[in-house]
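Hi everyone, thanks for coming. Please have a look at the sequence and the model on the screen, and then I'll walk you through a few places in it.

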Amino acid sequence: MGATISTCLGALPPAVELFPPSPTVYTSVICCFQYFPLVTAIQWILSWHPAGKTSSESIFNIPGRIAWSAMEIVGPINLIYSMVTPSPYAPSFTDLPVSNILIVTLYCTHYFNRAIISPFFSAPSMSPIHASIMVFAMVFNWFNSACLAGWLRGYTVPIIPSFTASSGSPRSAVVDLLPTAGVILFAIGMAGNIYSETALFRLRREEAEKRAAKKADDQPRAGGNMFHKVYVIPPSRGVFRYILYPHYVFEWLEWIGFALAGTAVVPFSALPASVSATSAITPPLVLAPWLVPAAWAANKLAVPLPLPAVVFVVNAVTNMLPHARWGRKWYVEKFGENGVAGRGAVVPGCAWM
């Protein structure tokens, strides 16, 4: 057993190639990460998700605010470190185009809210999170930020299948607006995500205060936190009129906008010759089948393929969809079909989703 572990550890790349990722490591990481949707098949089968309203008692539980912050902060820390650390394979951070730095800013803005503002200032309480959930999320965010770091530092990935750009009509002016449209969509998605979650937090506070007012002794719950494990179903109005998880949908809009903005990212090959670094062209990458349409569309529009951003969108949606499905089931069990009022989890009027 010891020899096997030593062999596996010996096969890992040295830390200097992981932080920040070298071109070869970058290709390996994104090659693995693009197949994450296959892992999420387990989430469709198993309802076990010991976090949030579905958390349960366990010696492996970690306080909710701490666990949530820890698993969300991994991404921006790894991305920022990978971007500013000198590397022989990429230009320095100060030599990168504004478009590349803008994408870093968008990503870090989202995760600053998720890792700091939401758990410590917005949420009235957070249920314990099982250590396995925290570790899984931390690994996910490291993979994601490592992929983004290589892309934003200018690594070029030859993809298979490749598409040959046609020499037909000139580039449309509409295509040049994609990055701007992406930033606007990102802002709308983030605002909607924050608004939806804030509305849920407000409903929880109001419900907890009502329960406390009804108690004769008016004693706080769970060690002084009257909001602990107080959950309500949002009324059928506003952003919750047709679906139960609008905050999920708004987050997906965020990352779609992020990917569109990523069409403005400048690869290493397009940087000025004065920017010196070792060739950042990585080994070829065989695309997962579900990513091929995105590569084809990027070629048709004559824009760079923002591959890690597209992978992020696909992985975020496939990861959150089963949570929304099981969450709707929890709402039905807790509040009944009348409380759900015919709403779908993320698709209006769809009882299954």
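Before the first stop, a word on helix axes: they are lines fitted to C-alpha atoms, for helices over the stretch in contact, and angles run from 0 to 180 degrees between N-to-C directions. Helices (H or I, at least four residues) and strands (E, at least two) are DSSP runs, numbered from the N terminus.

Two notes on where the values come from. This is a predicted model, in which local features need pLDDT of at least 70 and side-chain atom pairs count only at pLDDT 80 or more, while totals for chains, interfaces and linings use all residues. Residues are numbered from 1 along each chain as its sequence is written, and side-chain values use heavy atoms, with hydrogens and water left out.

Let's start with a pair of helices. Helix α3 (residues 23–33) and helix α8 (residues 131–152) have axes that come within 9 Å and cross at roughly 130°. That makes α3 oblique to α8; angles under 35 degrees count as roughly parallel, over 145 as roughly antiparallel, 65 to 115 as roughly perpendicular and the rest as oblique. The crossing of α3 and α8 is left-handed, a term for the near helix being turned anticlockwise from the far one by less than a right angle, with clockwise being right-handed.

Who meets whom here? On the α3 side we find Tyr26, Val29, Ile30, Cys32 and Phe33, and their partners in α8 include Phe140, Trp142, Phe143 and Trp151. Contact means heavy atoms within 4.5 Å. By class, the contact of α3 with α8 has 11 nonpolar, 2 polar and no charged residues. For those classes, Ala, Val, Leu, Ile, Met, Phe, Trp, Tyr, Cys and Pro count as nonpolar, Asp, Glu, Lys and Arg as charged, and the others, Gly among them, as polar.

Now a second pair. Helix α11 and helix α13 (residues 307–340) pack at an angle of about 170°, with their axes 9 Å apart. That makes α11 roughly antiparallel to α13. Among the residues making this contact are Tyr248, Trp252 and Trp255 of α11, and Phe312, Met320 and His323 of α13. The residues of the contact of α11 with α13 divide into 15 nonpolar, 1 polar and 1 charged.

His323 gives us a link to our next stop, glutamine 43, in helix α5 (residues 41–45). The side chains of glutamine 43 and histidine 323 make a polar contact at 3.1 Å. A polar contact is a pair of N or O atoms within 3.5 Å; within protein, one must be able to donate a hydrogen and the other to accept it, and residues adjacent in sequence count only if both atoms are side-chain atoms. Not counting residues up to four places away in sequence, glutamine 43 touches Thr318, Asn319, Pro322, His323 and Trp326.

Is glutamine 43 buried or exposed? Glutamine 43 counts as buried, at 16% relative accessibility. Buried means under 20% relative accessible area, exposed over 50%, and partly exposed in between (1.4 Å probe, protein chains only).

Back to α11, which spans residues 246–261 and holds histidine 247. This histidine 247 is buried too, at 7% relative accessibility. Histidine 247 and asparagine 193 are 54 residues apart in sequence, yet 4.4 Å apart in space, C-alpha to C-alpha. Leucine 200 is one of the residues that histidine 247 touches. Leucine 200 sits in helix α10 (residues 178–214) and is buried at 14%. Leaving aside neighbours within four places in sequence, leucine 200 is in contact with Pro234, Phe240 and His247.

Next, strand β2 (residues 129–130), where histidine 130 is found. Histidine 130 is buried, with a relative accessible area of 13%, and a polar contact of 2.8 Å joins its side chain to that of serine 132.

A few backbone details now. The peptide bond from isoleucine 160 to proline 161 is cis, with omega near 5°. Alanine 302, in the loop between α12 (292–301) and α13, has a positive phi near 60° without being a glycine. Alanine 341, in the segment after α13, also has a positive phi, about 55°.

To finish, the whole chain: its secondary structure comes to 13 helices and 4 strands, and 45% of its 353 residues count as buried.
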